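Reader: I'm new to this, and I'd like to know what the words used for a protein structure rest on. Could you show me one and let me ask?

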Amino acid sequence: MSQRFEYTTVAQDFTARFPILAYVGTQASYWTIANLLLVAIINQQSKIIASQFNLPLSVSIGSLMLVAIVLGIVYGVSLGVSDYYLDRNFFRKLSLGKVILIKAFWSLTLLFILLFLLRFVLFDLLIAPSLNRRAAMLSDDSWKHTFNLLLIYYLFMTLIINFVNQVNKKFGPGVLAPLLLGRYRNPREEERIFMFMDLKSSTTIAEQLGHLKYSAFIRDCFADINEVLFPFRAQVYQYVGDEIVLTWPVHEGLKNHVCIRFYFACKKQFQNRAEYYTTNYGLLPEFKAGVHMGKVTAVEIGEIKKDIAYHGDTLNTAARIQGVCNEYKKDLIISEYVLKKIETGHGMKTETLGMILLRGKTEKVGIVSVDYI
């Protein structure tokens, strides 16, 4: 198994088990690194000035690094905790512009608090003892320039870190690092499981709700499906209209048959939110799904808009299997190949539907319906 799979799996598993720690750890790591970079820049600048004017270097790099780490952890933890709860409860209904403004205001508020902490607490405890007595008596004018320097630097780093976070959200946990390392520049063969989930009776629902309300309905459906992703280690490959395509590395999707249990977890999520859907839309969403697994190629595509694309017969077969759900009046159909790889039981009920010739294929594929008792 490739290193990318291992890293991605660990990142997604950690995010699923400890979502708030993932938020906090990411922010704290980014801001600690950013602060250490600032210390390195300031230290080199101090050495240049000291060398040019034959001045003693009056500050300890160790003290500055300690301050940088403390501020990075405090700032990162504060942003991580606030982002976690606001993203889940408050920002979901707001436009992107409002979210950016609120986060910018909150970041500036935290920054002013941290600078107050730096000047009146950390400076006296950590920095001043490493300076000579005269240098320790910094003037208000010096603090003003220090404040301006830190404000400009933090605003710039906020833009960079927020950009990295948004890219990470687009591709999912554990995918950004391999992408930056160029693992997808050339096609790579992988073995994956794919699930195509499509809204049942979508045309009828669209006519009943109207296009605006129907779009809100789809948005809410996908939001609820997203709530189930991490616990079942599912990755969203694509949203296509009222269809969502999910994928798993084979060793993750087969473990405890999470690729099958995921579908029924989504059904339970909709049932738990039945009152919301019936109140706002007058109906409860139902999805049909098809599952298949096999080898595919993964490659980075696009120049204007980059993405990671999967190609191969595995995707076509999974889509075709989902397409016969209505014909057999079944909600979830998987290939026999997938069934042979998972351990049945634990309330799982299967029904062999036989060998069928899927549209566009020359060889028949065995399919099986799956339900839970």
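Author: Here are some questions about this structure, each answered with a value and a definition.

Author: This is a predicted model, so local features need pLDDT of at least 70 and side-chain atom pairs count only at pLDDT 80 or more, while totals for chains, interfaces and linings use all residues. Residues are numbered from 1 along each chain as its sequence is written, and side-chain values use heavy atoms, with hydrogens and water left out.

Reader: How many helices and strands does the protein have, and what makes a stretch count as one?

Author: There are 15 helices and eight strands. Both are DSSP runs numbered from the N terminus: a helix is H or I over at least four residues, and a strand is E over at least two.

Reader: Why is Leu-38 called buried?

Author: Buried means under 20% relative accessible area, exposed means over 50%, and partly exposed is in between (1.4 Å probe, protein chains only). Leu-38, in helix α2, has a relative accessible area of 10%, so the word is buried. Thr-32 sits in helix α2 too, and at 14% relative accessibility Thr-32 also counts as buried. Across the protein, buried residues make up 44% of the 373 residues.

Reader: What does Leu-38 touch, and how do you know that it counts as contact?

Author: Contact means heavy atoms within 4.5 Å. Leaving aside neighbours within four places in sequence, Leu-38 is in contact with Leu-150 and Tyr-153. On the same terms, Thr-32 is in contact with Ile-69, Gly-72 and Ile-73. A C-alpha separation is another kind of value: for Leu-38 and Ala-68, 30 residues apart along the chain, it is 8.3 Å.

Reader: What makes you say that the buried residues of α8 line one face?

Author: Helix α8 covers residues 202-209, and its buried residues are Ser-202, Ile-205 and Leu-209. Seen down the axis of α8, they fall within an arc of 65 degrees, so they line one face of the helix. That arc is taken from the directions from the helix axis to the C-beta atoms. There's a general rule to keep in mind here: an α-helix has 3.6 residues a turn, so residues three or four places apart point the same way. On the other side of α8, Thr-203, Thr-204, Glu-207 and Gln-208 are exposed. The cover over the buried residues of α8 includes β1 (188-199) and α9 (211-229).

Reader: What makes a space a cavity, and what volume does the largest cavity have?

Author: On a 1 Å grid over the protein atoms alone, a cavity is a set of points where a 1.4 Å probe fits but cannot get out, and lining residues have an atom within 4 Å of a point. The structure holds one cavity of 30 Å³ or more. The largest cavity has a volume of about 90 Å³, where volume is the space filled by probe spheres set on points joined across faces, edges and corners. Among its lining residues are Gln-27, Trp-31, Asp-83, Lys-103 and Asn-162. α2 (19-52), α3 (61-89), α4 (96-127) and α6 (140-171) each supply at least two residues of that lining.

Definitions and conventions:
On a 1 Å grid over the protein atoms alone, a cavity is a set of points where a 1.4 Å probe fits but cannot get out, and a pocket is an open set with protein on both sides within 12 Å along at least five of seven lines; lining residues have an atom within 4 Å of a point.
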